[in-house]
Amino acid sequence: MSDAWIEGLDLECNATCRYEESGLKRSVFLRPEEAPKAAARLAEAGFFIEDISVLDTADGLLATYHFDHFECPGRIALRVVVPHEDPKIPSISAIYPGAAWHERECHDFFGLEFTDHPNLIPLLIPDDMTEHPLLKEETRRKGLAELVQPGTIETCSTWFKGLFPDPDENEDGEGPDGAETP
Amino acid sequence: MGSFSIPVELIRIVVGVVAIAAFVALNAIILVYLERKVAGHIQRRPGPFEVGPHGILQTVADALKLVGKQLIKPAGADAFLFWLAPVLGFLPIFLFFLPMPFGPVLTTLEVPLGLLLILAFAGLNVLAICIAGWGSNNKWSLLGAARGVAQSVAYEIPLLLALLAVVFMKGSMNLSKIIDSQGAWPWQWNIVLQPLAFLIYFICAIAETNRAPFDLPEAESELTAGFHTEYSGMGFGLFFLAEYANMVVVCAVATTVFLGGWKGPFFSGSWWFLAKVYLLLMLMFWPRWTYPRVRFDQLLNFNWKWLMPLALANLLVTAFIMKVG
Amino acid sequence: MTETAPFFSDADLAGDFYTRRFQPGPSENTLILNMGPQHPSTHGVLRIVLEVDGEYIVRAEPVLGYLHRMHERMAEEKTYLQYLPNMGRVDYLHALAWNWAFVGAVERLAGIEVPERAEYIRVITTELNRVASHLVWWGAYLLDLGAFTPILYAFEDREWILDLLQTPTGARLTYSYFRPGGVAADIDKEFLKGAKDFAVHMRDRLKMYKDLVTDNIIFRKRLEGIGPISLDMCRRYGATGPVVRGSGLAYDVRRAEPYSVYDRFEFEIPTTGSGDAMGRYRVRMEELEQSLRIIEQAVDSIPEGEIRVKGAPKVKWKAPAGEAYFAVEGGRGKIGVHLVSDGSNRPYRCKLRAPGFSNMSLFGEIARGILLADAVAILGSLDLVIPEMDR
Amino acid sequence: MDLGELDARKGFFKETLAGLWSLVVGLKVTGKYFFRPQITVHYPRRTVDNIPSFRGPIELISREEDPAKPKCGACSMCVSACPSGCFTVTKKRPPAPTPEEIAEQKEKEARGEKVKKKAAPKEPERFLYDYSLCSLCGTCVEACPSGALRFSASPYRAAFDRKELVFDLLADLAERAREDRNPPGTGKTTE
């Protein structure tokens with residue numbers, strides 16, 4: 001699968017990953033409001049949704065949408081970081097109805113609010129439960145940069161550089177010749 | 001017949017009914033045991049084995065357990081209808097056996113229209129299912145009842161038509177007369193003349209008694225237990241008893257009408273009757289442990305599009321041959 | 001049934017949170033029906049709230065969580081090795097695939113090599129387990145459709161497998177047999193011979209299965225054309241495994257993201273274009289045959305050697321920081337484990353991707369307008385294992 | 001591999017006949033199995049024959065020289081390895097010093113010398129195992145540095161009360177030693 005779906009998307013970071021190390025082919029950071037747009041592009045390109053995996057870090061909640069392709073396998077990670085105080089992401093369930101359950105699950109476990117979700121009620125935890133079991137205590141949270149390697153970065157924004165102060169050294173050298181340039 | 005005075009007839013009926021009750025209960029116990037054994041052996045396991053030698057007393061123990069269980073009525077159920085239904089399902093059984101010729105003289109009540117009597121009261125079973133489903137205040141039961149009514153009403157028609165073909169030929173609805181007209185040897189039985197009618201009758205009989213693969217009113221994987229979901233103890237027990245008694249009835253009718261009743265090679269008598277009934281019952285067990293259940297619309301389609309035309313055609317051909325021949 | 005009798009007014013509507021959320025109240029023509037959590041054909045404790053018009057389903061909404069055990073939280077409280085027994089309990093039918101997904105993720109995270117013999121052992125045991133899983137599905141599906149006998153025949157054959165797997169794993173159902181860097185115990189000659197014998201025996205039985213069930217006219221009429229799932233639907237819902245293969249696409253993680261030594265074996269990925277319940281049924285039946293092929297090839301070519309790499313993780317082993325995603329092909333589809341480590345001896349986060357979860361999520365869409373009996377046929381054809389969906 | 005259509009049907013009558021025939025074939029299959037021997041095992045009268053390969057509750061392995069003494073060094077590795085916290089192991093205390101030894105120690109203390117306390121013997125005082133929590137994963141067996149744990153082959157340990165499932169493994173070991181069915185080494189007990 002070509003990476004044509006990336007074109008025109010406003011990305012915070014676009015990086016390729018080594019499959020043998022992380023199981024990912026490409027890792028992309030987005031602003032939350034870009035998520036539905038990116039999902040729509042992925043849907044057009046024929047990707048299917050694998051899951052949504054949320055990570056509770058000191059820098060906020062990192063929601064990773066895993067997408068894969070039936071014909072041309074290669075896992076894509078769409079990553080969105082939202083602050084703990086206001087964990088709101090626009091829902092992609094209108095594009096990927098299968099994401100509705102994954103989003104409800106994330107809502108159960110992390111308290112993530114998916115705006116425009118048609119039915120954001122508890123899925124796995126009891127309906128009267130108010131705690132979010134997978135949120136960590138503040139002292140146990142680790143920084144995002146300690147947990148996630150962005151991969152070989154092709155392009156990235158200043159916001160992203162602030163989040164990952166010391167990314168791969170060779171990132172600057174390889175950046176310009178990425179598939180990004182239109 | 002007219003020479004009998006009334007009291008003697010009455011005594012005959014009372015004794016007959018008591019004998020029928022014993023026969024029904026005993027049969028149910030034996031049949032449940034047999035069915036479980038058949039199922040077990042088909043599935044390569046022993047079946048009941050622990051109570052009594054080879055588990056022969058298992059069904060007795062089960063019956064005792066059912067009798068001893070508390071009767072529970074679900075909240076919101078209509079008490080009158082809820083308890084009426086199992087009784088209504090069970091009582092007509094006695095009527096079915098009244099005109100049944102078990103042997104040359106073993107008939108409780110010689111009725112000129114015996115076959116009609118049985119068929120008429122067979123409709124009561126539908127009513128029992130309907131009332132049970134409605135009275136239980138359970139949506140699954142209701143769905144089961146709806147299925148039960150549609151199914152029984154539909155399958156009654158080809159069943160009737162199949163029997164009618166034989167009645168046409170023999171010109172009588174008296175069960176004893178129908179037996180008399182058949183010989184002792186298999187080639188002298190009505191099944192040879194009316195094989196299609198027998199097949200249609202047998203299929204309809206399985207459907208009428210709600211047996212797999214036509215057990216849709218109870219279809220436990222779809223409707224939990226259908227119309228008897230809410231019944232416990234003897235409430236369920238009566239339905240259970242009625243199911244097995246009904247099986248005996250349809251097989252007894254088949255034996256009488258198609259297989260020469262109590263007549264058989266060498267030693268005619270009741271044993272031939274019983275042997276034939278049990279053979280047919282075994283034939284009813286077999287598909288249950290082989291086939292998946294049909295779907296409801298398929299069941300009705302099968303009836304209206306296959307059995308009905310076939311039964312009608314059979315009847316017409318019979319009538320035509322009768323007229324010409 | 002604790003909620004309302006039919007034809008109550010809206011104000012009387014009782015029912016729990018999910019029934020109330022489902023709709024304001026039964027309208028005149030429809031009624032709200034709770035299928036499960038104690039329904040015979042929901043295989044455990046799945047619950048589906050239905051709005052039915054007669055026997056036709058107007059709307060359906062699955063309610064999950066009755067078997068939720070919070071495996072993902074448990075992962076954060078246990079060391080990597082201590083978490084392994086949990087994996088056998090996520091999907092009790094194909095436990096070894098989950099074993100593999102987790103140890104695979106750990107191996108990918110830490111870059112652990114697995115000895116060749118261990119890889120072969122994993123392939124053989126996992127494929128045997130897959131056959132066992134499909135056999136249970138086959139029997140239970142037929143039970144849903146009202147045939148009582150096939151499940152006992154299926155269990156008869158499954159017993160062979162359980163007896164075989166008991167020797168190396170010591171368990172019969174909830175295996176925790178794989179370890180990061182290898183497997184827990186070696187297999188012997190007898191096991192290999194048993195596996196080969198089983199393959200021969202099973203082929204014979206598959207013929208009987210075909211005679212008894214697949215060709216049966218009642219069975220075919222129940223399945224053909226029921227619950228069609230298009231490829232597009234699979235994409236939108238992330239349905240994998242036999243569901244997507246039944247819709248005509250040869251997607252199998254063993255081929256798409258080759259792991260272990262699967263690339264050394266010849267096997268086909270069965271597909272049918274029909275997309276209905278019958279398609280999914282036939283795909284699974286053919287997968288049985290393909291698994292047997294893999295088992296035979298692996299048994300023939302298994303090398304001698306170590307079963308666990310030197311320096312394999314011990315109980316208090318610390319994983320390097322980072323993340324890893326590892327996917328395997330389970331009996332029900334793509335199993336994925338997303339592991340994030342902060343460099344301590346416990347996972348920072350362990351996300352389990354259950355194939356049944358995604359496969360089930362499309363039920364709400366295909367259930368519209370079908371008969372209750374077909375809903376049972378569709379649920380069965382999705383091969384649901386509730387503990388796996390609820391995790 | 002596309003499985004294609006399930007045997008294509010030709011014509012109405014052929015389909016009908018094939019359908020009817022399939023029903024007969026089904027009856028033939030179940031009919032055949034009706035006369036085959038049973039394969040289930042009648043439990044109390046017969047048991048399955050592969051019980052020895054079953055991995056049952058954990059038990060202690062005895063030392064070569066003394067079948068009543070465990071190999072265990074009471075290091076508590078199993079306690080920390082167990083995912084479910086099944087084990088309670090307490091180490092043996094050092095033997096109480098004799099009066100002479102106390103006197104000697106006091107003397108040493110008076111002289112300002114370092115007092116060497118007696119080392120505790122590397123043996124467990126108590127070794128409790130809560131089978132009700134155990135998931136038989138074998139992490140303890142793998143973690144044990146002295147190879148003192150193994151799976152037993154007894155599938156019949158059941159109880160009416162959860163508390164009865166807390167096994168005293170030392171007592172079990174002693175009992176096995178008494179009954180002389182405790183081969184040393186790593187093999188399993190024979191039952």
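**Figure 1. The antiparallel pairing of strands S6(C) and S7(C) in the predicted model.** Strand S6 (residues 322-329) of chain C and strand S7 (residues 334-341) of chain C are joined by eight bridges in the antiparallel sense. One of the residues involved is C:Glu329, whose bridge partner in S7(C) is C:Lys334. Four residues lie between the strands of this hairpin, in which C:Gly333 adopts a positive phi near 145°.

**Figure 2. The buried and exposed sides of helix H5(D).** Helix H5 of chain D comprises residues 169-178, of which D:Leu169, D:Leu170 and D:Leu173 are buried. These buried residues line one face of the helix, since they fall within an arc of 105° when seen down the axis of H5(D). An α-helix has 3.6 residues a turn, so residues three or four places apart point the same way. On the other side of H5(D), D:Ala171 and D:Arg178 are exposed. The cover over the buried residues includes three strands of chain D, namely S1 (58-60), S3 (124-130) and S5 (166-168).

**Figure 3. The contact between chains A and C.** Four pairs of chains are in contact, and among them chains A and C share the most contacts. Chain A contributes 30 residues and chain C contributes 39 residues. On the side of chain A that touches chain C, strand S3 (47-57) and helix H4 (144-147) of chain A are the elements that give two or more residues. The largest share of that side comes from S3(A), with six residues. By class, the side of chain A that touches chain C has 17 nonpolar, seven polar and six charged residues. By contrast, no contact joins chain A to chain B, the closest C-alpha atoms of the two being 25 Å apart. Chain A likewise has no contact with chain D, and their closest C-alpha atoms lie 15 Å apart.

**Figure 4. The contact between chains C and D.** This contact takes 30 residues from chain C and 25 residues from chain D. Helices H3 (84-90), H6 (150-169), H7 (189-214) and H12 (277-301) of chain C are the elements that give two or more residues to the side of chain C that touches chain D. With four residues, H6(C) gives the most to that side. The residues of the side of chain C that touches chain D divide into twelve nonpolar, ten polar and eight charged.

**Figure 5. The fold of chain A and the confidence of its prediction.** Chain A has six helices and eight strands, which follow the pattern β-α-β-α-β-β-β-β-α-β-α-β-α-α along the sequence. Of its 182 residues, 46% count as buried. Among the contacts in chain A with a separation of 6 or more, 57% are accounted for by residues 24 or more positions apart. The average pLDDT of chain A is 80, and 90% of the residues score at least 70. Among the elements of chain A, helix H3 (residues 99-110) has the highest mean pLDDT (90) and helix H6 (residues 171-174) the lowest (42). Over residues 167-182 of chain A, pLDDT stays under 50, and the model has 19 contacts beyond four places in sequence for these residues.

Definitions and conventions: Residues numbered from 1 in each chain as written. Chains lettered and ligands numbered in written order. Predicted model: local features only at pLDDT ≥ 70, side-chain atom pairs only at ≥ 80, totals over all residues. Contact = placed C-beta atoms within 7 Å. Nonpolar A, V, L, I, M, F, W, Y, C, P; charged D, E, K, R; others polar. Buried ≥ 20, exposed ≤ 12 C-beta atoms within 10 Å, placed from the backbone. Arc of directions from axis to C-beta. pLDDT = per-residue confidence, 0-100. Pairing = 2+ DSSP bridges.
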